[in-house]
Amino acid sequence: MKVAISNASCDLDDMALIKAASFVPFGAGATLCNIIIVLALMRQKNLRRRKEYLILTGLAFADFVEGFATFIGGLYRMSAVLGGWAFEPVSTLYCMLLPHSWIWRWSDTATSFMLVVVSVDRFMSAGIPLRYFKFTKVYAYRFIGSVYAYSLVSSMFAWIYPIEEMHRRPGVAQLCGTWDFVSPRYYQYSKYITSFASVLSVLLYIPLICIMRNQLSNIAGRISYSQVDRRKRAQLRVTVTLGISSVATLLLDALPRAYGMYGMAHEIRTGLTAGNCGSAHMYLFHLSKLNSMFNVFLYYTRHREMRLAIRALFCPSKVVISGATFGSSHNRL
């Protein structure tokens, strides 16, 4: 199927296949990397009992769900193009009922807001360390539960448009591109609000850097470490690790997400939709999967206990993990 746009001819079947195929490796990579983090943390009692790592597990699980939806969504669209039924008409509700369609509506919000939760948690650990030490796992569960619940409620609003439109519209392509069955207003709202959340998670690290520097100066000036000092240093190491992750979030998530949404909105206003000749803006959203994949390598290289936990997934009989604190003070910042 060919269409002429702006004096150029493009093959929709070929472009649809290229787009669909691009989802598969990014989705598979994000799924694999994040399930490793989740299993590594959950299988080790000395890691999962720590509230900061429960929050990391919450982030990794949201990233896992996002990656899995991307993977199966890519497989579905590839099958549609290769099977020759990609442009057969179906209802908007049919598209919304596809598993990856409604999973995406939840995971897109959950991943970005969990980034904010991680930053807030680090801010509290550095800003009020003595009080933070007294927080229990319930504190982490409340944070995670709030984000997951908000994401679920937000995703429900995505169902209004396809239900209302299923009898009004003659049909949409069975390829089920997001713009075809999700309200443009809802889609733009969701992308802008998630972009804002990603940027906010990075901005929270600006005052956090100042707090960290003061705390490191105070600890470095002590002749001997108290138990509180060691716990502070362990928390600071985790904060530095997540600070590095925050920079990756800025470069691979917040900025590409915001610019990609701006570009796609411009194409809709001008009539050149991203669904046609392979706009580059849609591909920017794939970079968020690279961001989530980066985390497993970051945790593995910077934290001995996490490194051992990941190794234990593959060689459980050869790896023994002590009860040492994750990010303990003998590790350099």
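Me: Leaving aside its neighbours within four places in sequence, with which residues is Ser198 in contact?

Reply: Contact means heavy atoms within 4.5 Å. By that rule, Ser198 touches Ser112, Leu115, Thr249, Asp253, Ala254 and Arg257. A word on the source: this is a predicted model, in which local features need pLDDT of at least 70 and side-chain atom pairs count only at pLDDT 80 or more, while totals for chains, interfaces and linings use all residues. Residues are numbered from 1 along each chain as its sequence is written, and side-chain values use heavy atoms, with hydrogens and water left out.

Me: Is Ser198 buried or exposed, and in which helix is Ser198 found?

Reply: Buried means under 20% relative accessible area, exposed over 50%, and partly exposed in between (1.4 Å probe, protein chains only). Ser198 has 0% relative accessibility and therefore counts as buried. Its helix is helix 10 (residues 184-203); helices (H or I, at least four residues) and strands (E, at least two) are DSSP runs, numbered from the N terminus.

Me: Which pair links distant parts of the chain?

Reply: Trp106 and Tyr148 have ring centres 5.1 Å apart and planes at 65°, so they are edge-to-face. Trp106 lies in helix 5 (residues 99-127) and Tyr148 in helix 7 (residues 137-156), 42 residues apart. Trp106 is buried, with a relative accessible area of 15%, and Phe68, at 37% relative accessibility, is partly exposed. One aromatic cluster is formed by Phe61, Phe64, Phe68, Trp106 and Tyr148.

Me: Over which ring does the charged end of Lys51 sit?

Reply: A charge sits over a ring if NZ of Lys or CZ of Arg is within 6 Å of the ring centre and within 35 degrees of the ring normal. The charged end of Lys51 sits over the ring of Tyr132, 4.7 Å from its centre. Likewise, the charged end of Arg77 sits over the ring of Phe23, 5.4 Å from its centre.

Technical notes:
Phe/Tyr/Trp six-rings, centres within 6.5 Å; stacked < 30°, edge-to-face > 60°.
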